[in-house]
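The stops below are meant to be taken in order.

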2 protein chains.
Amino acid sequence: MEEMAPAAPRRAGSGKKAASWTQDPEGVRRNILAIARAEFVENGLSGARVDEIAAKTSTSKRMIYYYFGDKEGLYRAVLEEMYARIRNFERSLDLAALPPREAIATLAGFTFDYHADNPDFVRLVMVENIHHARHLENSAEIGELNLSAIDMIREVYERGLREGVFRAGLDPIDIHLTISALSFYNVSNRASILQVFGHDMGAPGARERRRASIIDTVLRMLAP
Amino acid sequence: MEEMAPAAPRRAGSGKKAASWTQDPEGVRRNILAIARAEFVENGLSGARVDEIAAKTSTSKRMIYYYFGDKEGLYRAVLEEMYARIRNFERSLDLAALPPREAIATLAGFTFDYHADNPDFVRLVMVENIHHARHLENSAEIGELNLSAIDMIREVYERGLREGVFRAGLDPIDIHLTISALSFYNVSNRASILQVFGHDMGAPGARERRRASIIDTVLRMLAP
DNA sequence: GACCAATTGAACTAGTTCGTACATTTAGCA
DNA sequence: TGCTAAATGTACGAACTAGTTCAATTGGTC
C-alpha cells in the first residue's frame with residue numbers, strides 16, 4: 001500500500017568511481033526508511049541486518065548512519081513514522097456526525113480494516129512489544145494520540161447513554177481494548193492459527209465474516 | 001511458575017580440569033530447555049544468543065548442540081514443549097458437566113487466566129508469528145490439539161442451542177477466536193498499551209475488571 | 001570562482017556469534 | 001576387569017555485523 005520512495009534518479013550509470021550524483025536528502029531519507037521498515041517488519045529489530053537494508057537501498061550504509069545515527073535510531077524513526085500514520089487515520093474519522101450505534105460500528109469496521117490492510121503496522125507493534133515497548137518509551141510525541149482515540153469513544157459512548165441505546169457502567173478504554181484486540185489478533189496471529197487450526201483468517205471470505213462478527217460483538221457488548 | 005530443572009548435582013566443586021561429573025541426560029536436557037525458553041521468550045529467536053544460553057546453563061554449549069543439533073532445533077524443542085503444555089491445560093477442563101452458559105464462562109475465564117499467568121507462552125507465540133509460524137509448520141504433532149479445542153466449544157454451543165440459551169448461526173471457531181484474541185491481546189500488547197495510553201492491563205485491579213468484561217462480552221456474543 | 005558545510009562513497013575493523021574438532025570421562029555390559 | 005558407546009569439557013575458527021575512517025563530491029554563498 002506504500003510507495004517505495006525511489007529516492008530520485010541517482011547515479012544513472014553504474015557505481016563507477018568518478019560517477020556523479022545529485023543531492024536529495026529528503027528522498028534518500030524516505031528511501032532508507034521505506035526499506036528499513038520492510039526489513040524490521042519482516043525480521044524484527046535483532047533479526048534485521050543493517051548491511052541488508054543498505055544493499056536494498058539506492059544509497060549506501062554510510063547514509064544510514066549519517067541520517068539515523070545507529071540501528072536503533074533507524075528503528076525508532078520507522079516506529080515513529082508508523083505511529084504518525086495511524087494518528088492520521090484516526091483523525092480522518094468523524095464519528096460525531098453519526099448516531100451512536102452507527103458510530104461504534106463504523107469505528108470497529110475501520111479499525112478492523114486498518115489492521116487487515118496494514119500488516120506492517122501490526123507486525124511492528126508485535127516487534128516493539130517483544131522489546132517491552134522500550135523504544136516507544138524513549139520516543140517523544142507518542143503520548144499525543146493518547147486521548148484522541150479514547151476521547152472519541154468516550155464522546156460517542158456518553159451520547160449513546162443519553163439516548164438510551166448503550167448500557168451504563170462501561171469504561172471507554174475497555175471498549176477500545178475490545179475493538180483493538182479483536183482487530184489486531186486477526187492479523188498478528190494469522191500464521192499460528194493457520195498452522196494449528198488450518199483456518200486462514202486472512203482469506204477473503206473468512207476476513208469478511210470475521211469483520212461482521214466483530215462489529216456485531218462490539219455492538220452487543222454495548223447494548224442495554 | 002516453573003522450576004529451573006537444576007540438572008542434578010553436577011561438578012560439585014569448581015570447573016577444574018580433573019573434575020568429575022555424574023551423568024544425567026534428562027536433567028541436562030530439561031535444564032537447557034528451561035534456560036533456552038527464558039532466553040527465546042525474552043529476546044526472540046534471532047535475539048537470543050546460544051553462548052548466553054550456554055553460560056546460564058549448568059552445562060556447556062557443547063551439550064546444546066549434542067542434544068538439539070543447532071539453534072533452531074533448540075527453539076523448536078522449546079516451542080513443542082510449550083504447546084504440549086497448553087494441550088494439557090485444555091484437557092484439564094471438563095465443560096461437558098456444566099450448563100452451556102457456565103461452560104462458556106468457565107472456558108473464557110480459564111483461557112484468560114492461562115494467558116495472564118503464562119506470558120512466556122504468549123510471547124513465544126508472538127515470536128513464532130513474527131517468523132510466520134514456519135517452525136510450527138515443520139513440527140509434527142502440533143495438529144493433534146486442533147479439534148480438541150474447537151470440538152469442545154462446538155459441543156457446548158450445540159447443547160446451548162438445543163436448550164435455547166444461545167443464538168443460532170455462529171461458527172465454533174469464531175467463538176474460539178474471540179476468546180483467544182481478547183485473552184491474548186491483554187498480555188501481548190501490555191507494554192505498548194501502557195506506553196501509548198498509560199493504562200497497565202497487567203495491574204491487579206485492571207486485570208480482574210478486564211477478565212469480567214471479557215467473559216461478559218463472550219456471553220453477550222452468544223446470547224439469543 | 002573560491003571556499004565551506006552538507007553529503008556521499010569505499011574500504012576497513014573490532015567484536016560477536018554460531019558451530020565444530022578433539023580430547024576425556026562415565027556407565028553399562030561381556 | 002576391560003571394552004565400547006554415550007555423554008561431556010575445552011578451545012578454536014570462519015563468517016558475520018554494527019559501526020568507523022578517510023577521502024571525495026556537491027551546492028550554495030560571498
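Start by selecting Asp113(B) and Arg211(B): they form a salt bridge whose closest N and O atoms are 2.8 Å apart. Asp113(B) sits in helix H5 (residues 100-117) of chain B and Arg211(B) in helix H11 (residues 204-222) of chain B, so the pair ties together parts that are 98 residues apart in sequence. Asp113(B) counts as buried, at 19% relative accessibility.

Some terms and conventions apply at every stop. A salt bridge here is a side-chain nitrogen of Lys or Arg within 4 Å of a carboxyl oxygen of Asp or Glu. Helices are DSSP runs (H or I, at least four residues), numbered from the N terminus. Buried means under 20% relative accessible area, exposed over 50%, and partly exposed in between, with a 1.4 Å probe and protein chains only. The model is predicted: local features need pLDDT of at least 70 and side-chain atom pairs count only at pLDDT 80 or more, while totals for chains, interfaces and linings use all residues. Residues are numbered from 1 along each chain as its sequence is written, chains are lettered from A and ligands numbered from 1 in the order in which they are written, and side-chain values use heavy atoms, leaving out hydrogens and water.

Stay in chain B and select Glu52(B) and Lys56(B), whose side chains meet in a salt bridge at 3.6 Å, N to O. Both belong to helix H2 (residues 50-56) of chain B, where they are 4 residues apart, about one turn of the helix. Glu52(B) is partly exposed at 35% relative accessibility, and Lys56(B) is partly exposed with a relative accessible area of 45%.

Now move to chain A. Which residue forms a salt bridge with Glu155(A)? Select Arg159(A): the closest N and O atoms of this pair are 3.0 Å apart. Glu155(A) is partly exposed at 33%, whereas Arg159(A) is buried at 13%.

Next, select Asp113(A), Asp117(A), Arg207(A), Glu208(A) and Arg211(A) together; a network of salt bridges links them. Over all chains, a search of the whole structure finds 32 salt bridges.

The last stop is Leu222(A), in helix H11 (residues 204-222) of chain A. Is Leu222(A) buried or exposed? Its relative accessible area is 0%, so Leu222(A) is buried. Not counting residues up to four places away in sequence, Leu222(A) touches Ile104(A), Tyr157(A), Val165(A), Phe166(A), Arg167(A), Leu170(A) and Ile175(A) (contact means heavy atoms within 4.5 Å). Ile175(A) is 47 residues from Leu222(A) along the chain, and their C-alpha atoms are separated by 8.4 Å.

Technical notes: Helix = DSSP H or I, 4+ residues; strand = E, 2+ residues; numbered from the N terminus.
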